[in-house]
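These are my notebook entries on one chain, set down in the order in which I looked things up. The sequence and the structure come before the entries.

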Amino acid sequence: MIRRIISFSAHNRALVIAATFVALLFSIWSIRNIPVDAIPDLSDTQVIVYSKWDRSPDILEEQVTYPIVTSLLGAPKVKAVRGFSDFGYSYVYVIFEDGTDLYWARSRVLEYLSKIQAKLPSGVQTELGPDATSVGWVFQYALVDKSGQHRSDELRSYQDWFLRYQLQSVQGVAEVATVGGQVRQYQVNVNPNALASYGLGMDAVVEAIRKGNNDVGGRLVEFSGREYMVRGRGYAKTVGDIAGIGLKAENGTPVRISDVATVTLGPELRRGVTDLDGRGDVVGGIIVMRQGENALHVIERVKTRLEDLKPSLPAGVEVITTYDRSDLIDRAIHTVKWKLIEEMIIVSIIILIFLWHVPSAIVPIVTIPVSVALAFIPMYAMGLNANLMSLAGIAISIGVLVDGAIVEVENAYNRLHIWDSGGRVGDFHAVRLEALLEVGPSVFFSLLVIAVAFVPVFTLVDQEGRLFKPLAYSKNLAMAIAAVLAITFDPAMRMLFARMDPFLQAEVVRARVRHPLHRHLLRRGTPSHQPAPAPHLRAALPLRAEARQGDHHRVRPPRAGDDSGLHEIGIGIHAAAG
């Protein structure tokens, strides 16, 4: 099978190179669209259930948190359920097994919440948290009024009722959480003495405000061929509207809210504050990214939307960025990218030094960037992020990617030298192809065997698995692509650009004899009591392992001016050793 693929690639060189070029174009598209982050997402698949009820923590624990936790324990694929109660609110964290789809998990939680909702006390408000992860906090901003014309409650109202909705509509944003500032509310301060004098209770005031702040609808009235809608408009829009709500009537005189209480605008009770650079309270927003989105793209879209909204900001108000993860991501990816480039340059220089022949080193050097670029295609298809760990997997595999190409070029030149010294019997391309077929299958499987070393990494689970699996995936994908290129792209390149006469193998061998490392190793390996071998013998020794025993009947007597004698020596030593 592998030999047939090599033969097909060698005979259809233009087709294979064109297919590789198309794959490179798709890899460029994958590189530009693959999700990018600084580190892998180590968080579990979890769904947060948030409940709000103005009661003490112990009551919340007994009547809200405990019933929700017990009802969710039986949900499928649930690994753990954790509850947390505080004054006024309750959090329940539902942790699912690894690999569980987030939206499937959210639908299961909603299904089980619908069963327990009727058993919760009246007034409990329950909702799900955003469809995000623990690393979804990607951007944060603050509204700063340098002119001093706007109060904190005005900026908070602008953030809550305008800016938040504009940013939440950006693609990839799961939630915009508002922090800081003061929430404006209508406050009714009841006078207990006045309330007692009219014989009313607090419940009567609460019920009157609830009923008085409402619109009601009636039927249609037809008049002169037209229809008129009948409705009662009662929504409170000002302090006076609330103060004018009636409580009861005494002897035909209405008793209003203003008779027993004072209605004002004031801030809601808050339990935290946001400060910017020590200059006091500010209003801000936190952008939470949806799971699986590209952090860089989401941040860029948020910045674009903020730029578009600048003309609509209140006078003197500016949006200042207080946290931007794109800077961390850019610096992390920039560091790894340049380390990859440096590593490819170093490996290319090492190949040139040890092969000592530029045409021989071209294909191994070209294989490095091609393998690295094509590795992003399966990474994008599998939904992997480009982060420090996944790019590190590609980095540690660069030195091994070229092993197959180097073995192929060494074997090919040795076979061609034997063919040239034997009188050039047969077609040059047939000898070249036979050299590729001889080592191609072994090279292919040897590269795959190297990838097996990282298989135990895939057995890791939980946070360890989420941290190291991207590294193992990217490393094995790069090795698999290098193995495929070794039997497709490399044979096509060698058969397309191989030339015998311009680059005679004898010249290559002489170049290796002149190689300083080669001469040094041969000098160190020669015993001191024996005379140093002749230059042609030094070139023959490395070739003896490649010559097969069946080649002895192709050896001819040496002619003047050629180096065929070195093949007689090399084959003779090989036959004697066999």
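In which helix does aspartate 462 lie? I found aspartate 462 in helix α17; helices (H or I, at least four residues) and strands (E, at least two) are DSSP runs, numbered from the N terminus.

**Basis of the entries.** I worked on a predicted model, in which local features need pLDDT of at least 70 and side-chain atom pairs count only at pLDDT 80 or more, while totals for chains, interfaces and linings use all residues. Residues are numbered from 1 along each chain as its sequence is written, and side-chain values use heavy atoms, with hydrogens and water left out.

**Aspartate 462, continued.** I noted that phi of aspartate 462 is near 55°, a positive value in a residue other than glycine. At 33% relative accessibility I recorded aspartate 462 as partly exposed; buried means under 20% relative accessible area, exposed over 50%, and partly exposed in between (1.4 Å probe, protein chains only).

**Aspartate 277.** I then turned to aspartate 277, which is not a glycine but has a positive phi of about 55°. Aspartate 277 sits in the loop between β12 (261-267) and β13 (283-289). I listed aspartate 277 as exposed, its relative accessible area being 64%.

**Helices α14 and α17.** I looked up how helix α14 (residues 388-401) packs with helix α17 (residues 462-487): the angle is about 35° and the axes are 7 Å apart. Axes are lines fitted to C-alpha atoms, for helices over the stretch in contact, and angles run from 0 to 180 degrees between N-to-C directions. On the α14 side I noted residues including Met389, Ile394 and Leu401, and on the α17 side residues including Leu467, Phe468 and Met479; contact means heavy atoms within 4.5 Å. The residues of this contact divide into 13 nonpolar, four polar and one charged. For these classes, Ala, Val, Leu, Ile, Met, Phe, Trp, Tyr, Cys and Pro count as nonpolar, Asp, Glu, Lys and Arg as charged, and the others, Gly among them, as polar.

**Helix α3.** I found a kink of about 40° at threonine 65 in helix α3 (residues 57-72), shortly before proline 67. The bend at a residue is the angle between axes fitted to the seven residues ending there and the seven starting there. Both threonine 65 and proline 67 are among the buried residues of α3. The buried residues of α3 pack against β1 (46-52), β2 (78-86), β3 (89-96) and α4 (102-116).

**Serine 9.** I placed serine 9 in helix α1 (residues 2-11) and found serine 9 buried, at a relative accessible area of 1%. Which residues does serine 9 contact, leaving aside its neighbours within four places in sequence? I listed Val16, Ile487, Thr488 and Ala492.

**Chain and confidence.** I counted 22 helices and 14 strands in the chain, and buried residues make up 41% of the 578 residues. The chain averages a pLDDT of 80, and 85% of the residues score at least 70; pLDDT is the predictor's confidence in each residue, from 0 to 100. I marked residues 531-578, where pLDDT stays under 50 and the model has 59 contacts beyond four places in sequence.
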